[in-house]
Amino acid sequence: SDIQSPCLDQARSLSSTSLAVRLFDMSLTKNAIQSMYFMTGSADHPSFCPTLQLLHIKKIVQHERGVEIERFKIILSDGVHFLSGMLVTQLHPKVHSGEIAQFAIIRVTKFLVNALPSGQKIIILLGDDKVINPGTRLGNPVDISKAGINLQPSDLETYWRNYDAINDINIRSTFDAGAEMEELERAAKRLKSTVDDHQSSIGVEMQKLDDEEKRIRDRLNVIDEKKRESAA
């Protein structure tokens, strides 16, 4: 079934302004991994759509009751910290197509954070929107589980306020850029239509001149023929 999320709707809306989106999304979301580490999932803050880099992806094959089960282990980074996790099965086709690959920068649209019996936390990536793949690692991230970070609820509340404010500015500026690009495209189409109309008019006039030239040549040929008949 389709994954519904404000982040996914936002990603789809921005797809028409691809150039502006790519310029904006080359920067990873600051402190995203740190915040995700203390969340249970995207449901905690539905508008949270962090832009992260896929540092590593590894195929793991398991056998259950004689059936081969394919899974993918991933490592996501915000350039400062990284967190290990797994891909949901519905995203496997994106791996096979190459859309989800090492060093890809993605906008996370939906995720869960699970705590293992050992206490280790992992992220389950449920939905994403690919942005670009620079082909290299961004930043020098360290394992968030070993960073010794202890956030208080007030810290997260401040982060969400700042995130929403900055994200709103970026989204609006992206749409402004997109609107300008769309207006340029419309102007180019109008110009092309005008040129095509002029070319069509020129073609009609040229045909009229060709017809007139032929009529004159035919008239001259008739005159020449009459002169030859008179001379004979």
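Trainee: Is Y37 buried or exposed?
Mentor: Y37 counts as buried, because its relative accessibility is 14%. Buried means under 20% relative accessible area, exposed over 50%, and partly exposed in between, with a 1.4 Å probe and protein chains only. Keep in mind that this is a predicted model: local features need pLDDT of at least 70, side-chain atom pairs count only at pLDDT 80 or more, and totals for chains, interfaces and linings use all residues. Residues are numbered from 1 along each chain as its sequence is written, and side-chain values use heavy atoms, with hydrogens and water left out.

Trainee: OK, what lies over the face of Y37?
Mentor: That's K121, at 4.9 Å from the ring centre. The rule for a charge over a ring is NZ of Lys or CZ of Arg within 6 Å of the ring centre and within 35 degrees of the ring normal.

Trainee: And how many aromatic pairs does a search of the whole structure find?
Mentor: Two. Rings of Phe, Tyr and Trp (its six-membered ring) pair if their centres lie within 6.5 Å; planes under 30 degrees apart are stacked, over 60 edge-to-face, and the rest tilted. Y37 pairs with F38: the centres are 5.4 Å apart and the planes sit at 85°, so this is edge-to-face. F38 is partly exposed, at 26% relative accessible area.

Trainee: What about F48 and F111, how do their rings sit?
Mentor: Edge-to-face, because the planes are at 75°, with the centres 6.4 Å apart. F48 is in the loop between α3 (32–37) and β1 (51–64), while F111 is in strand β4 (residues 105–115), so the pair ties together parts 63 residues apart in sequence. Helices (H or I, at least four residues) and strands (E, at least two) are DSSP runs, numbered from the N terminus. F48 is buried at 0% relative accessibility, and F111 is buried at 1%.

Trainee: What else is F111 in contact with, leaving aside neighbours within four places in sequence?
Mentor: Besides F48, the list is M36, M39, G41, S42, I123, I124 and L126. Contact here means heavy atoms within 4.5 Å.

Trainee: Switching to the largest nonpolar core: which residues touch the most other members?
Mentor: Of its 29 residues, those are I33, M36, L52, L76, L87, F111 and L125. A nonpolar core is a set of buried Ala, Val, Leu, Ile, Met, Phe, Trp, Tyr and Cys residues joined through side-chain atoms within 4.5 Å.

Trainee: Which element gives the most to this core?
Mentor: β5, with five residues.

Trainee: Now salt bridges. How many are there?
Mentor: Five, counting a side-chain nitrogen of Lys or Arg within 4 Å of a carboxyl oxygen of Asp or Glu. One of them joins E70 and K59, with the closest N and O atoms 3.3 Å apart. E70 lies in strand β2 and K59 in strand β1, so that pair ties together parts 11 residues apart in sequence.

Trainee: And what does D128 form a salt bridge with?
Mentor: K94, with the closest N and O atoms 3.1 Å apart. D128 is in strand β5 and K94 in helix α4 (residues 92–97), so parts 34 residues apart in sequence are tied together. D128 is buried at 4% relative accessible area, whereas K94 is partly exposed at 21%.

Trainee: Where does R107 come in?
Mentor: R107 forms a salt bridge with D129, the closest N and O atoms being 3.3 Å apart. R107 counts as buried at 2% relative accessibility, while D129 is partly exposed at 25%.
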